[in-house]
Amino acid sequence: MKRGLFTAALLLATTAGAQDLSAYQSLASNLDGAVTARATSVASALSRLDAAQGDLDTLAPSLRNRQLTTALRGSLERARGSLARSPAELEAQVLLARGFMRKALYDQTLNLLASAPANGSAQLRLLANEFGLTGEAARAIRADGAAGKLSQVAWRLQREAAQKISVSLNAAQPTQSPASYVNLARGMAWFTVIQDAAGAGDLKVSQFGDALRQLTVGDTAALGNSLTRLRQGNAGLLRSLATPPSATAAATAVTVSPPPVTPLGASVTAQTNAEAGNNGIGNTSAPSRGNAGLPTGSATTGTGEVYAALGRALTAAGHGDPAAARQQLGRAGTALATAPRALRTAQDYDTLVFDLSAAQTRKALRPDDIQVLIASLTNLESRVAGQPTSTLDSVSAGVMNGFGGWVRVAVFALLAVLAFVPLYLLNLAFGGRNMYWRAIGAGLALLLLPVVLEGLFGLLGAVGDSAGVGALRGASNFTLTQNAYGLPLWALSAALALGLTIYGFRGLCQQFGLLGRRTAPQQDAAAIETLDWDEDL
């Protein structure tokens, strides 16, 4: 009995650092594949991230550091949210997630080699491959691992990571560009793995986070100073790793989680502490604004932030600021990616994410586009709650996908041009000297006025939005479908049109003796000698 317990304890000790390598490799493949797919298809990238979520669920039980597991899940959630923003943001979030993965593999492999070198050969082989070690370097690290030379193993890995950090920092420039953002994120991801190296000195993960925040807010002067300090700190790390350690000692695996990668162009909502044990690390969500005034169900499904962002986008679009509306749609996509799993796995969730991403890149964005997104989110919540959904909202979403943007602009511009044809033909056929026909023509013009305004100012607004001309971008405010103020104006124009047409047709009826006493129309003195065809009757 004692021998059995001893054997079981020995087996547990030798497998304490073992990871599910198959799940690890699949997770890495899907994360990298999502970055590649994002360039051509948001839907394909989302499918790869969904597969990565399943891989993480499989890998998580074999991860010994719960803090790293939580941070990895948070990175994956933020990667989903970045789909609605830019390829660079997705790549940065994936780089951070890969840094957490390598950190977990690095720590557990060294622990496993310390207790049972023979059992850690497979993990060490994968770890060497993750660090880009090939050929003679890969054979050397495997030999050191088999011999139990943990300090040599750690030294080889730390030196390789420090070299990669140096390349990333040298490529990053003090400019607010996606390239600098991605390079800084890559450098931070690699330093995440080796931040416990003895030669790291004063170099901290928080310094990378500070540089990223300075980049996102456009503080290029401070960013330049931060890059200089980061390069100096990494140069010192490289000098400390220039020669192999003289003594063989087990490397100590210390886990310190880095701050989250802040989306490019987004405001920083919370101050992060890079060296806290578990102090909100990896959480970029802003403090909750509450659910007051939000649609029913938002409090239970966690979509309050999504509704808030969509509401701000609707307001911006309503007063002719499509650029601000698209920015808020990006924030709505980020909040939607952090919604509860029940919502994210529901039917039509992927469709909503795709529509949200499409709206964020759409020119000539109008309030109707955002109202459809709000209705689609409400439908999704109803489906999750087991309540009936609105068929009308579903049809509206399909119509807007096919009729929004430049399609709507082109259709109404064509109708605005064609609206002048019946007015011209009316004047050509009946002349302009009869006051009753003039009244009928003016009434018809007022009835067609909303179409003309939509076509003309909708086209000017779309051109201004595409060309970045601020003076034209707000031209859509002069259409009667832009906001609530258009409805009474439309009613007024319709009332005037009805009055004029009633007056005109009633006058013609009286002129022809169909109503009351036949009367002759009043004419201008210059036209007294000529008669229209109806007057000759």
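Predicted model: local features only at pLDDT ≥ 70, side-chain atom pairs only at ≥ 80, totals over all residues.
Residues are numbered from 1 along each chain as its sequence is written, and side-chain values use heavy atoms, with hydrogens and water left out. Helices (H or I, at least four residues) and strands (E, at least two) are DSSP runs, numbered from the N terminus.

**Packing of α8 and α11**

- Helix α8 (residues 150–171) packs with helix α11 (residues 220–240) at an angle of about 155 degrees, and their axes are 10 Å apart; axes are lines fitted to C-alpha atoms, for helices over the stretch in contact, and angles run from 0 to 180 degrees between N-to-C directions.
- That angle makes α8 roughly antiparallel to α11, given that angles over 145 degrees count as roughly antiparallel, under 35 as roughly parallel, 65 to 115 as roughly perpendicular and the rest as oblique.
- The contact (heavy atoms within 4.5 Å) is made on the α8 side by Arg-159, Ala-162, Gln-163, Ile-165, Ser-166, Leu-169 and Asn-170, and on the α11 side by Leu-227, Leu-230, Arg-231, Asn-234, Leu-237 and Leu-238.
- By class, the residues of this contact of α8 with α11 comprise seven nonpolar, four polar and two charged, where Ala, Val, Leu, Ile, Met, Phe, Trp, Tyr, Cys and Pro count as nonpolar, Asp, Glu, Lys and Arg as charged, and the others, Gly among them, as polar.

**Segments annotated as transmembrane**

- An unreviewed UniProt entry lists residues 406–430, 442–464 and 484–505 under "transmembrane region"; UniProt positions are given in the numbering used here, feature names are shortened, and annotations may be inferred rather than shown by experiment.
- In the model, residues 442–464 are 100% helix and 0% strand, with the end C-alpha atoms 31 Å apart, while residues 484–505 are 91% helix and 0% strand, with the end C-alpha atoms 32 Å apart.

- Ala-419 is found in the loop between α19 (406–418) and α20 (420–430), and Ala-419 is buried at a relative accessible area of 7% (buried means under 20%, exposed over 50% and partly exposed in between, with a 1.4 Å probe and protein chains only).
- When residues up to four places away in sequence are not counted, Ala-419 touches Leu-448 and Val-452; the C-alpha atoms of Ala-419 and Leu-447, 28 residues apart along the chain, are separated by 9.9 Å.
- Trp-490 has its place in helix α23 and is partly exposed, with a relative accessible area of 39%.
- Trp-490 is in contact with Pro-450 and Leu-480, leaving aside neighbours within four places in sequence, and its C-alpha atom is separated by 9.9 Å from that of Thr-479, 11 residues apart along the chain.

**Loop residues**

- Asp-348, in the loop between α15 (341–344) and α16 (349–360), has a positive phi of about 75 degrees although it is not a glycine, and at 35% relative accessibility Asp-348 counts as partly exposed.
- Ala-364, in the loop between α16 and α17 (367–384), has a positive phi of about 55 degrees although it is not a glycine, and at 9% relative accessibility Ala-364 counts as buried.
- Ser-476 lies in the loop between α22 (470–473) and α23 (486–511) and counts as buried at 7% relative accessibility; leaving aside neighbours within four places in sequence, Ser-476 is in contact with Gly-320, Arg-366, Phe-457, Gly-461 and Gln-482.
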